[in-house]
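Hi everyone, thanks for coming. Please have a look at the picture on the screen, and then I'll walk you through it.

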Amino acid sequence: MTKTVYIKTYGCQMNVYDSARMADVLAPLGYAPAEDPEGADLVILNTCHIREKAAEKVYSELGRLRDLRESRARAGAPDMTIAVAGCVAQAEGDVMLRRAPQVDLVFGPQTYHRLPELLAKVRRARSGSRTAPGRGVLDIEFPMESKFDLLPETMTGQGPSAFLSIQEGCDKFCTFCVVPYTRGAEFSRPAGAVIAEAEGLAAAGAREITLLGQNVNAYRGDAPAGSRTWGLGRLIRRLAEIPGLDRLRYTTSHPRDMDDELLEAHGELDKLMPYLHLPVQSGSDGILAAMNRRHGADDYRRVVERLRRARPDIALSSDFIVGFPGETDRDFAETLRLVTDIGYAQAYSFKYSARPGTPAGALEAQIPEAVKAERLASLQSLLDAQQEGFNQSSVGQAMPVLLERPGRKAGQLLGRSPYMQAVHVAAPAHYRGRIVKVRIAAAGPKSLSGVLAEKPAVARRWASGAAAAEVAP
Ligand code: SAH
Ligand code: SF4
Ligand code: F3S
């Protein structure tokens, strides 16, 4: 009998990847994906602990699931299993089982390859007593074995643009951040395993792969042969040889780990897209030191300068935190100055959120919410203006766009420019997965729209006598 699973993903791309891999683990057990939790046999919340708001969302979702379970029981419908995965699960573990007794299973980012055994344990626990408290199953170990060695080789296609985790965990311990605690120590997958997975994704239809890691450019994986290790630049060079794979990206990188080989790859490999998310967090040296970022604002400017020398059209993105403990108006002004100096194509900015167990969370000099809100608003208006300016500068250009998914309107597809801009294009549905030249006609604050600038498939179809209506853009 087929069962269904609904997986809801919060947080970063690594969670998106993990959710796809959980689906791969569950497929051989007969679980098909469900579109919503209503009729699902199993619901998994794959959670994020990075900011307080992110973590709180999980508990409100769990409240909704409890109500859903109750209304299903009243209607005589089959029960569901409620599981929590990801970084909140890792951080809160047994506290979560006590706070939310409707949860049947809690497991962390490093143990989801054990889902078959864990679900069997849940079944056993429930056949004992359905209502006894504390019946939830918990697995938040950092196991000796790597999940990557034990996950199924067959993967569900992720579509034209796929994620591939190559590195996990973090040893950097920025003072604001929970990731070193929720994901554990840095670990790089062997290059051979990454290459094999990339070939598999390409065979399943991926044209673009984004290599993922909390610190992806700290990648140091065993070389396919011999005893040396490869850095990210070397790995990308090898992945660029895979036929059918046309675009490579990587995220998230740390400014300290942009080494020569990686900078050279940006200059030499056309497949490595001219866009980089390179978080800086703050433009103040004092705040950067208090954050334990281990670089100054000028070090960051120099890295950007080298990147632009290697690849003059590279577009940049970043993360910023405003209102880190002790941040003065002067510190904040330094952040605005850095943003003005660099010029970003887009960026994410957040109010500092004190996280349990992190050094900065315990600092006395916490900044009032109102000040954080004010700084966030002024930073975001500067970043928004830069993004809009960048998007405007694309108007009139013809650029290759990878058409990834159906657009908002009928007859439209949504794709990405080399610079990660979302591009709406009128194109037939079967163009999905193609890289086409698009003439950018208009720019909005967050996306572009354009028209097909070449129609290679149209010519072919005309020649074979197919109906023109089917292919006309
Ligand atoms: N590894 C990446 C970032 C991972 S977390 C890096 O080193 O840059 C993603 C982003 O969330 C961070 O870049 C940071 O801007 C933000 N973030 C992390 N902890 C935060 C906190 N406690 N409060 C607010 N924002 C935070
Ligand atoms: Fe967090 Fe810093 Fe590690 Fe990034 S580098 S994951 S911000 S501790
Ligand atoms: Fe969130 Fe965990 Fe990613 S805390 S940002 S889901 S690594």
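This is a predicted model: local features need pLDDT of at least 70, side-chain atom pairs count only at pLDDT 80 or more; totals for chains, interfaces and linings use all residues.

Residues are numbered from 1 along each chain as its sequence is written, chains are lettered from A and ligands numbered from 1 in the order in which they are written, and side-chain values use heavy atoms, with hydrogens and water left out.

So, the overall view. The chain has 15 helices and 21 strands; these are DSSP runs, numbered from the N terminus, with helices (H or I) of at least four residues and strands (E) of at least two. The C-alpha trace spans about 70 × 65 × 50 Å along its principal axes. How many of the 473 residues count as buried? The share is 52%, where buried means under 20% relative accessible area, exposed over 50%, and partly exposed in between, with a 1.4 Å probe and protein chains only.

Now the helix pair. Two packed helices are described by the angle between their axes and the distance between the axes. Helix H7 (residues 191–203) and helix H8 (residues 232–239) pack at about 35°, and their axes are 11 Å apart. Here axes are lines fitted to C-alpha atoms, for helices over the stretch in contact, and angles run from 0 to 180 degrees between N-to-C directions. Who meets whom? From H7 we have Ala 191, Val 194, Ile 195, Ala 198 and Glu 199, and they meet Leu 235, Arg 238 and Leu 239 in H8. Contact means heavy atoms within 4.5 Å.

Next stop, ligand 3. Around ligand 3 there are residues including Cys 12, His 49, Cys 87 and Arg 183, with a heavy atom within 4 Å as the cut-off.

Finally, let's compare two residues in one loop. Ser 394 sits in the loop between H13 and E17, and Gly 396 lies in the loop between helix H13 (369–392) and strand E17 (398–406). Is Ser 394 buried or exposed? Ser 394 is buried, because its relative accessible area is 2%. Gly 396 has 40% relative accessibility, so Gly 396 counts as partly exposed. Leaving aside neighbours up to four places away in sequence, Gly 396 touches Arg 439 and Ile 440, while the contacts of Ser 394 include Ile 440 and Leu 448.
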